[in-house]
Amino acid sequence: MKEHIEREAAVKAVEIVDFYKGSGIVPSGYASDAIRAIPAADVREVVKAHWIKSDLFGDMMVSVYTCSNCNRVIRVPSGLNPAKDIAPFCHCGAEMTEMRGEADGN
Ligand SMILES: [Zn+2]
């Protein structure tokens with residue numbers, strides 16, 4: 001499992017090593033020990049996906065899109081952008097950031 005740390009905490013650990021570098025005060029391996037001692041941040045990995053427009057099952061009033069991550073199908077009123085107007089996140093948790101196929105809900 002991946003662990004993440006805060007950038008600023010890592011920078012501070014390295015700055016301490018840089019400050020005392022060559023003085024003999026900081027033992028070798030201090031930087032790696034200091035970084036390992038930083039508690040893991042409470043973060044969640046972001047899954048990026050996009051809505052893929054399907055030519056099947058749509059009509060003049062509704063377009064059909066499929067999630068590129070989980071294949072969930074949604075129906076979107078024609079003229080609306082699924083990621084911007086209807087579902088910026090899929091039920092699978094993916095953030096819908098780009099769209100393949102015809103853009104802008106046409
Ligand atoms: Zn999905």
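**A strand pairing, a core and a helix pair**

Strand 2 and strand 3 (residues 73-77) pair in the antiparallel sense over five bridges; strands are DSSP runs of E of at least two residues and helices runs of H or I of at least four, numbered from the N terminus, and pairing requires at least two DSSP bridges. Within this pair, T66 stands opposite V73 in strand 3. The two strands form a hairpin with five residues between them, and N71 in the turn has a positive phi of about 70 degrees.

The model is a predicted one, in which local features need pLDDT of at least 70 and side-chain atom pairs count only at pLDDT 80 or more, while totals for chains, interfaces and linings use all residues. Residues are numbered from 1 along each chain as its sequence is written.

The chain follows the pattern α-α-β-β-β-α-β. The largest nonpolar core consists of nine residues: A49, W51, Y65, C67, V76, A83, C90, A94 and M96. Such a core joins buried Ala, Val, Leu, Ile, Met, Phe, Trp, Tyr and Cys residues through C-beta atoms within 7 Å, buried meaning that 20 or more other C-beta atoms, placed from the backbone, lie within 10 Å of a residue's own. Strand 1 (48-54) and strand 2 (62-67) are the elements that give two or more residues to this core.

Helix 1 (residues 7-20) and helix 2 (residues 30-37) pack at an angle of about 155 degrees, their axes 9 Å apart; axes are lines fitted to C-alpha atoms over the stretch in contact, and angles run from 0 to 180 degrees between N-to-C directions. The two helices are therefore roughly antiparallel to each other, a term for angles over 145 degrees.

Key
Buried ≥ 20, exposed ≤ 12 C-beta atoms within 10 Å, placed from the backbone. Parallel < 35°, antiparallel > 145°, perpendicular 65-115°, else oblique.
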